[in-house]
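Biologist: I am new to this structure. Please take me slowly through one part of it, starting with the overall layout.

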Amino acid sequence: MRHTLLKFLDHSEKYIKTDVRYLAKGGFWSVSNYLITIGFGLITTILLANFVPKDILGTYQFILAIASIIAVCTLSGIGTAITQAVARGKDGVYTYGVWEKLKWNTIIIAICAGISLYYFFNGDTTLAIAFLIVGASTPFIESFKLYEEYLRGKEAFKEGVTLGFWRKPIPLVAVGIAALLTDDLLILIGTYFLSHTISYGIVFWQVHKKFSPGYE
């Protein structure tokens with residue numbers, strides 16, 4: 001039965017031009033990771049909608065949306081390059097890629113500084129400070145989360161979920177507690193970005209400790 005299934009997968013690859021075994025192996029864990037992420041995100045949104053005033057929530061979501069746009073401004077394709085290189089056995093490319101991402105993410109700092117100055121000179125110090133927080137945190141978040149691409153290249157799909165599972169509730173709990181205690185926009189934004197930076201950093205360290213990718 002197993003032999004027949006493998007022959008079928010090999011045969012199907014000729015027609016859909018895709019590594020079907022790779023998809024079959026990682027499909028369950030990829031879907032699980034996606035559903036977990038969506039679930040925690042939904043819970044966070046519900047918490048904020050119930051405990052934070054609408055105007056504060058709107059501004060909070062605006063900042064996160066702009067931060068997401070800014071995050072794709074530098075070396076957005078490096079994750080794919082890391083996955084492909086690691087799949088070929090060149091693990092050291094991962095560490096090199098993280099440092100390159102950090103270096104080029106100084107552009108994010110510059111963009112956020114420019115946005116911050118714009119709001120400062122227009123009298124909105126809250127948004128000015130908020131984008132300084134974004135600029136200080138996003139480069140590290142975007143660099144640390146490259147561990148996901150590394151594990152994908154290693155076909156360590158299970159580890160991609162299990163190593164990072166404990167991380168996902170941290171921003172939810174942190175932002176939820178902050179929302180219960182205050183509706184201060186800067187505290188909410190600071191809590192969101194700080195919790196993501198720390199939690200991604202810890203998983204990044206765990207991956208290095210477990211797999212020792214070395215340097216290229």
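Biologist: In what order do the elements of the protein run from the N terminus on? And how many salt bridges does the count come to? Please look closely at those pairs and their surroundings.

Modeller: The layout comes first. This is a predicted model: local features need pLDDT of at least 70, side-chain atom pairs count only at pLDDT 80 or more, and totals for chains, interfaces and linings use all residues. Residues are numbered from 1 along each chain as its sequence is written, and side-chain values use heavy atoms, without hydrogens and water.

From the N terminus on, the order is α-α-α-α-α-α-α-α-α-α-α. The protein has 216 residues, and 41% of them count as buried (under 20% relative accessible area; exposed is over 50%, partly exposed in between; 1.4 Å probe, protein chains only).

Now the charged pairs. Side chains of opposite charge can pair when their charged atoms come close. A salt bridge here is a side-chain nitrogen of Lys or Arg within 4 Å of a carboxyl oxygen of Asp or Glu. By that rule, the count is four salt bridges. Among them are the pairs below.

Start with D91 and K154. Their side chains meet in a salt bridge, at 3.0 Å from N to O. D91 sits in the loop between α4 and α5, and K154 in the loop between α8 and α9, so the pair ties together parts that are 63 residues apart in sequence. How covered is each partner? D91 counts as buried because its relative accessibility is 14%. K154 is partly exposed, because its relative accessible area is 34%.

Look around D91. Helix α4 covers residues 78-87. Its buried residues are I78, G79, I82, T83, A85 and V86. These buried residues of α4 pack against α5 (92-104) and against α8. Just after α4 comes G89. The phi of G89 is positive, at about 95°.

Now look around K154. E155 is found in the loop between α8 (147-153) and α9 (157-165). E155 counts as partly exposed, because its relative accessibility is 32%.

Move to α5. Here E100 forms a salt bridge with K103. The closest N and O atoms of this pair are 3.1 Å apart. E100 and K103 are three residues apart in helix α5, so about one helical turn separates them. K103 is partly exposed, because its relative accessible area is 48%.

One more pair joins K145 and E142. Their closest N and O atoms are 3.7 Å apart. K145 is partly exposed, because its relative accessible area is 25%. E142 counts as buried because its relative accessibility is 16%. What does E142 touch, not counting residues up to four places away in sequence? E142 touches A71, K101 and N105.

E142 lies in helix α7, residues 125-144. The partner of α7 in this pair is helix α11, residues 185-211. Their axes come within 9 Å and cross at roughly 10° (axes are lines fitted to C-alpha atoms, for helices over the stretch in contact; angles run from 0 to 180 degrees between N-to-C directions). The two helices are therefore roughly parallel to each other (under 35 degrees; over 145 is roughly antiparallel, 65 to 115 roughly perpendicular, the rest oblique). On the α7 side, the contact is made by T126, I129, A130, I133, V134, S137, T138, F140, I141 and F144. On the α11 side, L185, L186, I189, G190, F193, H196, T197, Y200, G201 and F204 take part.

To recap the pairs: D91 meets K154, E100 meets K103, and E142 meets K145. K154, K103 and K145 are partly exposed.

Terms used: Helix = DSSP H or I, 4+ residues; strand = E, 2+ residues; numbered from the N terminus. Contact = heavy atoms within 4.5 Å.
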